[in-house]
There are 2 protein chains.
Amino acid sequence: MHSSDPFLFQLFFIFVWAKLCGEVFERLGMPAVLGEILAGIIIGPYGARLVVPSDSIYAIAGIGAIFLLFTIGLETPPKDLIQVGKTSLYVALAGITVPFVFGFSYMLLAEHTPSEATFVAAAMVATSVGITARVLDDLKLLQTRPARIILGAAVFDDILGMILLGVVVGLVTTEGATKWVQLVVTAVEAVGFALVMLFYAPRVVRRMEPGVERMSTRDAPLVIALAICLGLSFAAAKIGMAAIIGAFFAGLAFAEYSPRWRLGSKALAINEFLAPFFFFSMGARLNINVFDRRFVISAIVISILAFISKVVGCGLPVINLGWRTAAKVGFGMVPRGEVGLIVALAGLQAGVISERAYGLVIFMTGATTLVAPFLIKLAFRQEEPVPLITVGDTDSEDSNRSAHMR
Amino acid sequence: MHSSDPFLFQLFFIFVWAKLCGEVFERLGMPAVLGEILAGIIIGPYGARLVVPSDSIYAIAGIGAIFLLFTIGLETPPKDLIQVGKTSLYVALAGITVPFVFGFSYMLLAEHTPSEATFVAAAMVATSVGITARVLDDLKLLQTRPARIILGAAVFDDILGMILLGVVVGLVTTEGATKWVQLVVTAVEAVGFALVMLFYAPRVVRRMEPGVERMSTRDAPLVIALAICLGLSFAAAKIGMAAIIGAFFAGLAFAEYSPRWRLGSKALAINEFLAPFFFFSMGARLNINVFDRRFVISAIVISILAFISKVVGCGLPVINLGWRTAAKVGFGMVPRGEVGLIVALAGLQAGVISERAYGLVIFMTGATTLVAPFLIKLAFRQEEPVPLITVGDTDSEDSNRSAHMR
């Protein structure tokens, strides 16, 4: 084990720093995840250089991203989609279209490449409802109508965001005349993948059930779910989408059985160990030397656009329920999170976005995530608390979707 | 995520193969862990070469070893040591001394280097009681007196084995005149470490309790335990012992609080994902080209010595309870397991044992683990089943020490 000293040191050091900064952020009323990213910025290679993560650490961070999305998928039972209804679907669709158009247009105007504009715009699309769910949970408002619309829209948002990411990654990694052909192919692949995992895969899991429960391997359901998660991650990457898309849809397929097989709490335990490495390395990849005056202006503009476009996009479909409800829903959908970060990372790894554009996404994610809780509390302040029964039919231990973002 | 294709492929492929071979072994009534090792031998670099694990996979395997020992530690509450009493201590002591002396002598006679002889002998020492616990659990005999002696001795065995490993690693990595000075220093360090973790650390954890439970971080007890596990692993490696020793003692320190904080089941979930990579890579490291006639003879001799020495060493201290009880205890202590494998791996990584000697340990581990269940059933066949209450006060979900080896 002697040869692994530097690796062990990095494991220990990164884990402790990430969790320490997360704890400080929590105590200050901010999301822990931003603290973990900040830890990477501060002590990482572009900051104090106390630790320069090795390839193995980045590999673990990559597995962390896979488990993060797998857990999100597990908490998104396809059955819920039918229940949340059309309102949430419209909120999600408009909440994806408006920020994408705003983001893409601004980035082109600011003389970024079309590929870069596509990635940053895609990162502006993904709502991380975890922050919102947690704030509403604290206020005991999760059972109110606007809260239900938000949670429902977030489920669609996750799925639509994944399809968009699949298309975007496919698009920028091909070139020349076949580009548009490829775009159509990838779009069809991504939509087809989503539909299969939404409607067919849960049935397959249901049919597997007796076999899985008869297996001799200890905790066979978890083992099967992990194997399928790894397999679909690999398959997604193989056909030119992002690995995490496979992980997300693998989670989706098992969502229905997650409570019965206690998959949620187990995936969460694995997450608890791996996710800090992911968030830390997101920060460690941020080159703070790009933070000149022009960058800061761009970052502020992008953040404001991300904010306004989401509030408008998500608010408009529910404006008939009154402007108060529209504001609640709009503010609730503002925080960006893991998915946006992962979109940016995919772009950085594919070599299609610059360190500047990557920095813009990190900044935008942090800004929207920080500002949202205050506005949500403000918008919901006149709502009457409703006793909490359960949020969806997820594993009781997971309690709600805020789990990852805490 | 595109750049991680080969890594994702290896993750998926290794996990599936290991679990598949494990399932086949389970169905044939053999320990899954041997199937996972065999998977590494068959499809690994010295076998069919279907997969040549990258450095990142070996890094993950290393973390797997750390969590394996952490979990074993968690299931070894120091309080139990006081209860199991002197009989178990004598069984453990004689069960360590006799195999070590036998193994060391034979290896020297067979013209191996003293370092190599030390490592192979140390690997012959470690009992993995998981197999035994599982067989007795199946027969509902875990509450019988011999079973309690075995489980108690296994607890001492783990701790004494860890101290021995610490000394051995320290010994062979220093040279020249200071060697014996170093030996004393390392021995004192190892014993001191064990004593601190046994008697002082649980008190520290007890004092930390209110603080930990007040923390804002989600699942703070797990996070704190993981941080201490990684920290002690690093510290152990730093002072010249094996990293897993730190992990084991970290587990020990938290064993008392494991049920309350549900650490056992959470560590087990992380294990479920990581351990297959460890066992697979143990097999992948086995160069089957060393399997000539002389190797096979050596391997059989070593296995027989490992068997006889453990039966005699562990049986003698309880011979006053009748030769039947002596046989039960002796056979129950025969299976070697994770700890022996890790000792061999430490030797291989420190460059002090050859591929042949590494092969001997793998062979001996497999042989003793395969033969023990039959003999245990034979020896215990006249024992009356006792209704199982609980085994120790470990987390109810972990149920018993057989957890890792299934």
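Colleague: Which way does α3(A) cross α15(A), left-handed or right-handed?
Modeller: In this predicted model, α3(A) passes α15(A) in a left-handed crossing (the near helix is turned anticlockwise from the far one by less than a right angle; helices are DSSP runs of H or I, at least four residues). Residues are numbered from 1 along each chain as written, chains are lettered from A in the order written, and side-chain values use heavy atoms. Local features need pLDDT of at least 70 and side-chain atom pairs 80 or more, while totals for interfaces use all residues.

Colleague: At what angle do they pack?
Modeller: Helix α3 (residues 55–74) and helix α15 (residues 338–349) of chain A pack at about 140 degrees, axes 11 Å apart (lines fitted to C-alpha atoms over the stretch in contact, angles from 0 to 180 degrees between N-to-C directions).

Colleague: Which residues meet there?
Modeller: Ala65(A), Leu68(A), Leu69(A) and Ile72(A) of α3(A) meet Glu338(A), Val339(A) and Ile342(A) of α15(A), contact being heavy atoms within 4.5 Å.

Colleague: And α14(A) with α16(A), what is the angle?
Modeller: About 160 degrees, with the axes of α14(A) and α16(A) 9 Å apart. That crossing is left-handed. Lys328(A), Phe331(A) and Gly332(A) in α14(A) face residues including Ala372(A) and Leu375(A) in α16(A).

Colleague: Switching to the chains, how many residues does each give to the contact?
Modeller: Chain B gives 58 and chain A gives 58. Together they bury about 5,200 Å², 70% of it on carbon and sulfur atoms (accessible area lost, 1.4 Å probe, summed over both).

Colleague: How many salt bridges between them?
Modeller: Two, with a Lys or Arg side-chain nitrogen within 4 Å of an Asp or Glu carboxyl oxygen. Arg218(A) bridges to Glu272(B), closest N and O atoms 3.5 Å apart.

Methods:
Helices (H or I, at least four residues) and strands (E, at least two) are DSSP runs, numbered from the N terminus. Buried area is the accessible area (1.4 Å probe) that two parts lose on being put together, summed over both.
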